[in-house]
Amino acid sequence: MADIAKIKRKKLSGQVPLEVFRLLRLVGIRGALPMGGRSITAVVGREMGKSLGCSTLEDFFKLLLDLKIGIPELAEKSEKKMVVRLHDCMVCDGMEDVGEMVCDLEGAIIEGALAAILNRPVSVKETKCNCNGDGVCEFTATIR
Ligand SMILES: [Zn+2]
């Protein structure tokens, strides 16, 4: 994170419009790769989640907010299960209901981060998505 946070763009700063990310994510990866790029997003997301270097759930949630990935809400938590909602999701908030869930990358980021924080195997499934008409993104983590 420290290396990639070194940004030296004098005129354009460290910000790019969200459309650029959505173009990469939804057109480039989901649209162009076989199976909607799901095997790629699973590997990439998990590695991203791990590389965030968070040691607590609070740190991770703060980072999700600071990086503007979304506004996290812990909807449910037990020994074997965690439900995380992501409001204002960077990928899908405001998009039309197309009857599909499109935030598998975010799910994999959560999976990688939780596995690192808990030091246990975690598998995450996207259970709600704005693109599925749910009004929020939601991820259910099964902790083994
Ligand atoms: Zn989403």
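Predicted model: local features only at pLDDT ≥ 70, side-chain atom pairs only at ≥ 80, totals over all residues.

1. Overall make-up. The protein chain has four helices and four strands. Read from the N terminus, the elements follow the order α-α-α-β-β-α-β-β. The radius of gyration is 15 Å, close to the 15 Å that the globule rule gives for 144 residues, so the chain is as compact as a globular protein of that length. The C-alpha trace spans about 50 × 35 × 25 Å along its principal axes.

2. Burial and contacts. Of the 144 residues, 29% count as buried. Among contacts between residues at least 6 apart in sequence, 57% join residues at least 24 apart.

3. The sheet. The four strands make an open sheet in the order β1-β2-β4-β3, and the pairing is antiparallel. β1 and β3 stand at the edges with a single partner strand each, so one side of each has no neighbour in the sheet. From one strand to the next, the twist averages 25°. On this sheet packs α4, which touches β2, β3 and β4, and the direction of α4 makes about 145° with that of β3.

4. β1 covers residues 71-77 and pairs with β2 in the antiparallel sense over six bridges. Three residues lie between β1 and β2 in this hairpin.

5. Helix α4: length and burial. The 15 residues of α4 should span 21 Å at 1.5 Å a residue, and the end C-alpha atoms are 21 Å apart, which agrees. Is this helix enclosed or open to the outside? Twelve of its 15 residues are buried, so α4 is largely enclosed by the rest of the structure. The buried residues are D104, L105, E106, G107, A108, I109, I110, E111, G112, A113, L114 and A115. A residue counts as buried here if 20 or more other C-beta atoms lie within 10 Å of its own. Note that D104, E106 and E111 are in the buried set.

6. Helix α4: packing partners. What do the buried residues of α4 pack against? They pack against the helices α1 (18-31), α2 (38-51) and α3, and against the strands β2, β3 and β4.

7. N119. Just after α4, N119 takes a positive phi of about 55°, although N119 is not a glycine. Its place is in the loop between α4 and β3. N119 is exposed, with 9 other C-beta atoms within 10 Å.

8. K68. This residue is likewise not a glycine and has a positive phi, near 60°. K68 lies in the loop between α3 and β1. With 12 C-beta neighbours inside 10 Å, K68 counts as exposed.

9. G133. The loop between β3 and β4 holds G133. How far apart are G133 and G99 in sequence and in space? They are 34 residues apart in sequence and 6.8 Å apart in space, C-alpha to C-alpha. G133 has 12 C-beta neighbours inside 10 Å and so counts as exposed.

Terms used
Residues numbered from 1 in each chain as written. Pairing = 2+ DSSP bridges. Helix = DSSP H or I, 4+ residues; strand = E, 2+ residues; numbered from the N terminus. Rg over C-alpha atoms; globule rule 2.2 N^0.38 Å. Contact = placed C-beta atoms within 7 Å. Expected span 1.5 Å × (residues − 1). Axes fitted to C-alpha atoms, helices over the stretch in contact; angles between N-to-C directions.
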